[in-house]
Structure formats: C-alpha cells, structure tokens
Amino acid sequence: MNKVLLIDDEKRMVDLLALYLKPHHYLCFKAFGAKEALSAIKEETFDIILLDIMMPEMNGWELCKEIRRFSEVPIIMVTARDQKEDIVKGLRLGADDYITKPINEEELLARMDALLRRIKPSNHINVNGLLWNEDRFELFYNNNPIKLTPKEFSMIGHLMKNPNRVFTRDQLIDLIWGFTSETEGRTVDSHVRNVREKIRQAGFPIDAYLKTVWGVGYKWVRVHK
C-alpha cells in the first residue's frame, strides 16, 4: 500500500482526494498547510505527495522548493490554474507532474500510478563506487566486497535508501530488529561503528556520508561533488 500525503488548506478538497484514493490501495495522510506538511515529511516517509499551489502563508511553489532541500519524494502539483507558465514553474522547482482542478479521478490515479512505476525504488544503490545490492545481499566498493552481518547490511541499506533523513535509534531498532525487540540504543551505536570501520577499511570515505546526529540518531547525507 502506497503512502500519500495530501497537502491543501481546504479541508473539503483533502477529504475529497482521500475519498478518491482510499479504494485504490493508497494510505492517505493529510496536511492543512505548509507547516503541517513539512513536519509530516520530516517525521514520516511517503511514496508520493499531492500538493496544492494556492495556499496562504507559503504557496505550493515555495513549499515544493523547500521539500526538495531534503527529500526526493515524488510530487504532483494540484491546481486550479492551467496556464503554461504556472505548470513550467512547478516543474522547474522540482515537481514531477501536475493535474488541474476540477480533478478527473481516473486521470489522477493514472498519473500517480505512472509516476510511482517510474520512480520505483531500486534494489541497487550506487554511491560513488559503493554498491549496495539487496537482491544479492552484497556490499561492494570499487568491485571489492565488504563483509557485513545481516543487520549491518540492513542498517546501511535503510540509511542509503533515505538520504538526508534522520533515523532515531528507536526507529532503527524497529526497522531492523523488530517492534518487539528488547534491543537497546547502544547496540545500534555498536553496529554503526562496525559498519563505519569495515567500509572505511575498504577505502570509501564513509565519514563524509554516514553522519551522527548527536542526541538523536544517524543519517546518510548526499555529498555533492
């Protein structure tokens, strides 16, 4: 089930979109404005966002630009405007597609499905020669294997697949050990230390990518070169 964040200051429109999408296996989350939306995106991982343009305080264009500072989540702009310059502006600011009001339900679903198919997460991640291959359960740097335990492999994969997102120790425990685990935060720290050391010994500059967020947890950052 895909998680979608619906952003619009009009409750009626958000409720209508949710009504459209729920029968089609979308789990809908609602945000009534930019502040709620940014808070939700920083706390939760979404598969796609439907973003209205005409909102008070911060419009959809500004919000799209702000989201793109820390997330690559697919964004479809939803607007009553259909002028070409408005559409182009949204796409240039990082939106992936657009749809105009009044919304045709079949068109909306088709656009969302097509976008999700196009950006379906890969089981292979390559960051400057560091290759994480989920299908083969392998981590390589410049074609040289790096031996990790299953939990170390899972941990680095979660971080690499969600760049710039901070994972708390508790979130990592839930993701890797399970909700019922009695694992403690220091176990997470120990695994991170081991991962860093193994990847560092392979020659990859891991300290530039895998960062500690003191008092919170860890994140994988994009390094622009």
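Two strands count as paired if DSSP finds at least two bridges between them, strands themselves being DSSP runs of E with at least two residues and helices runs of H or I with at least four, both numbered from the N terminus. The strands involved, β1 (residues 2-7) and β3 (residues 48-52), run parallel and share 4 bridges.

The model is a predicted one, with local features needing pLDDT of at least 70 and side-chain atom pairs counting only at pLDDT 80 or more, while totals for chains, interfaces and linings use all residues. Residues are numbered from 1 along each chain as its sequence is written, and side-chain values use heavy atoms, with hydrogens and water left out.

Zooming out, β1 and β3 sit in an open sheet of 5 strands, ordered β2-β1-β3-β4-β5 with parallel pairing. The edges go to β2 (26-31) and β5 (97-100); each has a single partner strand, so one side of each lacks a neighbour in the sheet. On average, neighbouring strands here are turned by 20 degrees against each other, direction ignored. Helix α2 (residues 34-43) packs on this sheet and touches β1, β2 and β3, contact meaning heavy atoms within 4.5 Å. Its direction makes about 160 degrees with that of β1, where axes are lines fitted to C-alpha atoms, for helices over the stretch in contact, and angles run from 0 to 180 degrees between N-to-C directions.

Elsewhere, Leu139 lies in strand β8 (residues 138-141). Beyond four places in sequence, contacts of Leu139 include Trp132, Phe153 and Ile199.
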